[in-house]
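New notebook page. I want to look up the surface, the salt bridges and the core, in that order.

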Amino acid sequence: MEREHDRPTPTRDEPMPKDYREQTDMLERAHDDELHHGAFDTAHARTTNEFLDAVKERHKLASDYKLATFLRVGQTTISSYRTGRSRLHDSVCLDVAVALNIDPRYVLAMIAAERSQIPEVAGLWRSAARAF
């Protein structure tokens, strides 16, 4: 069974599935909106839940169900992220970064810090994130 985050990204030679094109268009529109309304303040989001809440707030998504649809993941995936059973997958980190108009390296580094079970390593990831 294919999981949502395991979907392959279409290559240039193969046509993109319709839902992938629609989501890409939605994220690009979100990026354009950010250019007109100001970028997200990265000083506030440091955890999975904070990033998810920021996307919900920025795009006026009323529920985690709508957030899941926006990010192209299942509602149970969002629930797993929220409860800490799993962390944002790299592909979702990229979508979150686009939705918030922030450097994807910041999101990836902050989520890597959150995943780390070694405090020194988590600190290094947070330090790296500040560079972005």
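Which residues form a nonpolar patch on the surface? I find Ile118, Val121 and Trp125, with about 250 Å² of accessible area together. For patches I take residues with over 30% relative accessible area and no salt bridge, joining like charges within 9 Å and nonpolar side chains (Val, Leu, Ile, Met, Phe, Trp, Tyr) within 5 Å. Areas are Shrake-Rupley with a 1.4 Å probe, and for residues only the protein chains shown count as cover. Val121 is found in helix α7 (residues 119–130) and is partly exposed at a relative accessible area of 31%. My classes are buried under 20%, exposed over 50% and partly exposed in between (relative accessible area, 1.4 Å probe, protein chains only).

A note on the source: this is a predicted model, where local features need pLDDT of at least 70, side-chain atom pairs count only at pLDDT 80 or more, and totals for chains, interfaces and linings use all residues. Residues are numbered from 1 along each chain as its sequence is written, and side-chain values use heavy atoms, leaving out hydrogens and water.

Next, the chain overall. I get seven helices and zero strands, taken as DSSP runs numbered from the N terminus (helices H or I, at least four residues; strands E, at least two). Of the 132 residues, 33% count as buried.

How many salt bridges does the structure hold? I get seven, with a side-chain nitrogen of Lys or Arg within 4 Å of a carboxyl oxygen of Asp or Glu as the criterion. One of them joins Arg82 to Asp64, with the closest N and O atoms 3.0 Å apart. Arg82 lies in helix α4 and Asp64 in helix α3, so this pair ties together parts that are 18 residues apart in sequence.

Glu114 sits in helix α6 and Arg87 in the loop between α4 and α5, so parts 27 residues apart in sequence are tied together.

Last, the core: buried Ala, Val, Leu, Ile, Met, Phe, Trp, Tyr and Cys residues joined through side-chain atoms within 4.5 Å. The largest one has 27 residues, and those touching the most other members include Phe51, Leu71 and Ile78. Helix α5 gives the largest share, six residues. Beyond its neighbours within four places in sequence, Ile78 is in contact (heavy atoms within 4.5 Å) with Leu52, Asp64, Leu67, Ala68, Leu71 and Val73.
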